[in-house]
Amino acid sequence: MIQSETLELLEWHRLCQHLATFAATKLGATAARHLKIPDSQIQSEQLLEQTKEVYQLESRLTTGLSFEGIQDIGDSLERAERSGVLAGEELLAIATTLAGARNLRRVIDNQEDLPILTDLVADLRTYPELEQEIHRCIDERAQVTDRASQKLGEIRTDLRRVRSQITQKLQNILQAKSGAVQEQLITQRGDRFVIPVKAPQKDAIPGIVHDTSTSGATLYVEPNSVVPLGNQLRQIIRREQAEEEAIRRALTELVAAVKPDLERLLAIATTLDLATARSRYSYWLGANPPRFIQREDNEIITLRNLRHPLLVWQQQHEQGQPVVPVDLLINPLIRVVTITGPNTGGKTVTLKTLGLAALMAKVGLFVPAREPVEIPWFDKVLADIGDEQSLQQSLSTFSGHIRRISRILEALGTGDLGLGTGEKEIPNPQSPLPLIPRGGPEFPNPQSLVLLDEVGAGTDPVEGSALAIALLQYLANHAQLTIATTHFGELKALKYEDDRFENASVEFDESTLSPTYRLLWGIPGRSNALTIALRLGLKPEVVEQAKTQVGEATDEVNQVIAGLEAQRRRQETKAAEAQSLLQQAERLYKQVSAKAASLEERESSLRASQEIAVQQAIAQAKGEIAQVIRRLQKGTPTAQEAQQATNALNQIGQQYQPATPAKPKAGFMPKVGDRVRIPKLGQIADVITAPDEDGELSVRFGLMKMNVKLEDVESLDGQKAEPVVKPKPVPTAVTPPPQSAPEIRTSQNTIDLRGKRVADAEYILDKAISEATGPVWIIHGYGTGKLRQGVHAFLQQHSRVNNYEPAEQADGGSGVTVAHIK
C-alpha cells in the first residue's frame, strides 16, 4: 500500500502517461500506462538492455522501427478458443498482425550486435500459411470472397441472376405504369425490392405494401409478379449467410489451434513496442543509460545535471519555466542527507526528481542526467511528501505524516512491498528479493530509498525536531539511503556526530529575495526570514529586536554559513573559468590535430605520387639496361663494345638518378672538443678524437660513443667538413683486362652484413666469395667501424680477392665495399 502511495506522491502515473504517447500500438500504450516495476535487479538490467538495443537499432534505421499492422487481437483469440465465430474484421486484424510481427522479426534479424532483441524474436511464429488463407477468404473490406469456396461462388451466381430478374421485371412495370408511380426508381425495404407508387393509384399496381412515406402520398409496393422471385432471393441470401459463417468458422478453428503461439506473438510485439517507447522517450528527454552500482564497493552515486522529467515535459509542451538541474554526488558511506533552506527553494522537487530517477532506472528507462549515470538498484522507493496546499495544518498535518511514516517503517521491517492491492503480499520463495548483506540482521532491508519531506513538521518544534532526529537515526540503520528536507536547525548538527549523515541546502539569492533552485552540498541552509522581512519593509527596530531574541550564537552560525556560501561561489566561478580554458584548449587541440592530419595526408599523397614516378623511372631504366645487356650477350664482347655499354649505362644513370643537391662550401675541420651536428641521426655531439686518415672521427652524444665519417658531420652553422684526400689502395693483383664486361650490381652479388658479428660475417663472406664469378658488393654500414675493419682485414688475406674499394656514392659510399674477384 505504501508503494502505491509513493507512486502517487511522485506522480508516477503522469510519467507513464507521457511514456504511452511514444508507443506505436494500442497494446504498447496500455502497457506503458500500467507500467510494472520489476522486483529484481536482473529484470531491470534486461529491460535496460532492451532499451539500449532498440535505441541503437533506431539510430541505424532511416524511418525507425515500424509496428504497422499490429493490433490488439487478444479478445478475438479468447472467443476463438471458446468456439465462437470471428467476424471478418477480426480475422483481417489477425492477418495484418501476423504480417506486422514478421516484418519486425525480419528487421531485427538483418541487424548485428542485438543479442537481446534477436533472442526475443527467435521463437516468434508468424504462420504465413494462416495469413494467406485469411486473405484468400476475406477481402480488404472484411467480406467473405467468392473464391472462399466453390459452393459460395455458385450461391452468389444464383443471387446475382435472381436480382437481375427482379430488376428487369420492375423496370418493365415502371415503364408500363409510369403514370401510377411517383418516380422511376427501384429501391429496397428490408431485403425486398419495391417501387414508389402514388397512394391514390395503388390499385393500378397490385402488390404488397412494405412502407409508406412520411406524408402518406407514396406507397412502397412489391408487385405481386415479383413476390415469388423475392421469396426465392431471400432463401438464396440465407444460404449465402450460412456458407459465409461456415467459412469464417473454419478460419476461426485454424486460429484457435495456434492460440498459444499467437498470444506469445502478441506479448513479444507488446514487449518490443514498450522497449521502443522507452527508447524514444529517453531520446526525447536527452537522457543517458544508468549503471547500477554497489555502494559496498565504495562506488559513488553520480547524478550530474539531473532534471525532473515531468518539468521537462511541462517546459516543452506547456510553455513552463526552464528546468534547473541538480547535482547529486553521494559518498558510499552516507546513509542520510538532510536538505535545508527556504520554502519554494526546490527541496521537494529534488526529492521527487531522485525518486523518479530511481524508478525510471528500474523499469528500463534512461535517466535525464549527464553521463555517467550511476545509481544503486533500490528494491523499494518509499516517500512521505506532503502537499501544504491540500493538507490541513496542525494536528491533521502531523497525523498524516506520522501515519505514512509508520507504514514506511513497517515496510522496511517486514519486507512488505505494498503493491497497492490493499492486502498483505506473500513473498514468493522461488523469487526472493535480492539483498546486499551489510552488518548482518541489523539491516533487514538495506536497499530501500526513503524520501521524507518536512520531517517532524506540523507539531511543537522541540518535540518535532527530537522525533525527526530519532527517525533519521533509525533510517540510517535500516535503509540504503534517506533524503529528508527540514527546517529544523538541530538536524544540521547530525553530520558532525555521525559520519553517515550529510548536509545540503538550496541556494537563496538575497539580492532578489528568490531561490535559485541550485543544490549546495556540504553547507547547511541558513535562516533568511529576518533578511527577507527587512527587505520587504518591516521596521528595522522590529527586525533588530527579533535578532536579539534569536541570540548571538545563531547569528554567528548564519555568518559562518554565509561565508561558506561566498567561498563556494568563488570556487565555482574559478572552476567555470578553468572549464572554459579547458574547452578552449580542447578546441585548439582539435584544430591543430586536424591541420596536422591534413598535412600528413597531403605529404602521403605527394610521397605516393613521387614513389609512382620513381618506380616508373626505375622500370624504364631497367628496360634500357636490359637492352644493353642483351646486346652484350649476343656475342663475345670486345673492349670497344664494353666501353660503349659502360658509356650507355652511365648515360642511363645520369638520366634517371636524381640530381645531387649542391653541397655547402667545405672549409670546416672538426677538432677535439668541438660540437658538431650529425644530420642523419638528428643529434648534436662532442668530438673526442680528430679525424684519421680514413676520414673517421669519434664523437659522443649523451651516453653513446661512436665513430662517424667526416662527410656525415657539419658545424653548428651548417658548414661541411673538408674531405680527407686518401689514395685508393694499390691493387694486389693484375687489374682486369680492358675487354671485361661492365660491373653491374644485382641482388645475387650483394650481401648485407649489418648487425652481424665479425666472426659470423667472415663465414658469410667466405661462402659468397667462393661462389662469386664477378665483383661482390658488401654492405657493412657505418656504426662504430669495427665490422668494416674486420671485413677489410678478411678481404686483404683472402686468396680469391683481387682488390677491394669503397662503393660509389650512389651505391652506399663508404658504408659499402666492392670486392673484385680473381
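Predicted model: local features only at pLDDT ≥ 70, side-chain atom pairs only at ≥ 80, totals over all residues.

Mentor: A search of the whole structure gives six aromatic pairs. One of them joins F22 and W284, whose rings are tilted, with 6.3 Å from centre to centre and 55° between the planes. F22 is in the loop between α2 (12–20) and α3 (26–33), while W284 belongs to helix α11 (residues 259–285), so this pair ties together parts that are 262 residues apart in sequence. F22 has 18% relative accessibility and therefore counts as buried, because the limit for buried is under 20%. W284, at 28%, counts as partly exposed.

W284 also pairs with Y281, and here the rings are stacked: the centres are 6.3 Å apart, with 15° between the planes. The stacked label follows because planes under 30 degrees apart count as such. Both Y281 and W284 lie in helix α11, three residues apart, which is about one turn of the helix. Y281 has 0% relative accessibility and so counts as buried.

R189 lies over the face of Y220, 4.1 Å from the ring centre. In the case of W377, the charged end of K362 sits over the ring, at 4.7 Å from its centre.

Methods
Residues numbered from 1 in each chain as written. Heavy atoms only, no water. Phe/Tyr/Trp six-rings, centres within 6.5 Å; stacked < 30°, edge-to-face > 60°. Helix = DSSP H or I, 4+ residues; strand = E, 2+ residues; numbered from the N terminus. Buried < 20%, exposed > 50% of the residue type's maximum accessible area, 1.4 Å probe, protein only. Lys NZ or Arg CZ within 6 Å of the ring centre and 35° of its normal.
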